Amino acid sequence: MSCFLAPFVDTPCDGPMDKAHLIPKQRIKRQFTGERKDLLDEVIWHPSCWVPACRKHHGDFDNHVFRIPRSALPQGVEIFAEALGMAWSLEADFGVRA
């Protein structure tokens with residue numbers, strides 16, 4: 001498994017591999033409240049909302065050290081966001097879809 005974020009930075013990978021969420025977990029949690037809360041863990045860890053990333057790049061991504069262009073996102077995350085009604089989240093973090 002390689003670091004999805006590595007091509008977007010000039011620094012080498014470092015540390016173990018993590019699951020880096022492209023749709024932040026906190027936003028998903030806010031979306032799944034009330035009667036849908038039983039689906040929360042399944043949705044948060046669905047493979048379509050995260051990418052493999054080394055610990056260094058995951059931390060840099062979360063701290064907004066670099067930005068990924070929307071066009072570079074996996075198609076699965078776009079479909080996932082649409083299905084959850086969260087395309088706005090991708091637009092906020094990655095810009096408008098081309």
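Which residues lie nearest the centre of the largest pocket? Notes on this predicted model follow.

1. **The pocket.** His 21, Pro 24, Phe 61, Asp 62 and His 64 lie nearest the centre of the largest pocket, and 17 residues line it in total. β1, α1 (25-31), α3 and α5 each give two or more residues to that lining. The volume is about 370 Å³.

2. Eight of the lining residues are nonpolar. Five are charged and four are polar.

3. **Buried side of α3.** Helix α3 spans residues 55-62, and its buried residues are His 57, His 58, Asp 60 and Phe 61. They sit on the same side of α3 because they cover an arc of only 165° around the axis. Residues three or four places apart in an α-helix point the same way, as there are 3.6 residues a turn.

4. **After α3.** His 64 follows the helix and has a positive phi, near 60°. His 64 is also among the residues nearest the pocket centre.

5. **Arg 67.** This residue lies in the loop between α3 and α4 (75-84). Arg 67 counts as exposed because its relative accessible area is 52%, and the cut-off is over 50%.

6. **Contacts of Arg 67.** Leaving out residues up to four places away in sequence, Arg 67 touches Ala 92, Asp 93, Phe 94 and Gly 95. A polar atom of the Arg 67 side chain lies 3.3 Å from the backbone oxygen of Asp 93. Arg 67 and Gly 95 are 28 residues apart along the chain, with 10.0 Å between their C-alpha atoms.

How values were computed:
Residues are numbered from 1 along each chain as its sequence is written. This is a predicted model: local features need pLDDT of at least 70, side-chain atom pairs count only at pLDDT 80 or more; totals for chains, interfaces and linings use all residues. Side-chain values use heavy atoms; hydrogens and water are left out. Buried means under 20% relative accessible area, exposed over 50%, partly exposed in between (1.4 Å probe, protein chains only). Helices (H or I, at least four residues) and strands (E, at least two) are DSSP runs, numbered from the N terminus. The arc is that of the directions from the helix axis to the C-beta atoms. Contact means heavy atoms within 4.5 Å. A polar contact is a pair of N or O atoms within 3.5 Å; within protein, one must be able to donate a hydrogen and the other to accept it, and residues adjacent in sequence count only if both atoms are side-chain atoms. On a 1 Å grid over the protein atoms alone, a cavity is a set of points where a 1.4 Å probe fits but cannot get out, and a pocket is an open set with protein on both sides within 12 Å along at least five of seven lines; lining residues have an atom within 4 Å of a point. Grid points are joined across faces, edges and corners, and a volume is the space filled by probe spheres set on the points. Ala, Val, Leu, Ile, Met, Phe, Trp, Tyr, Cys and Pro count as nonpolar, Asp, Glu, Lys and Arg as charged, and the others, Gly among them, as polar.
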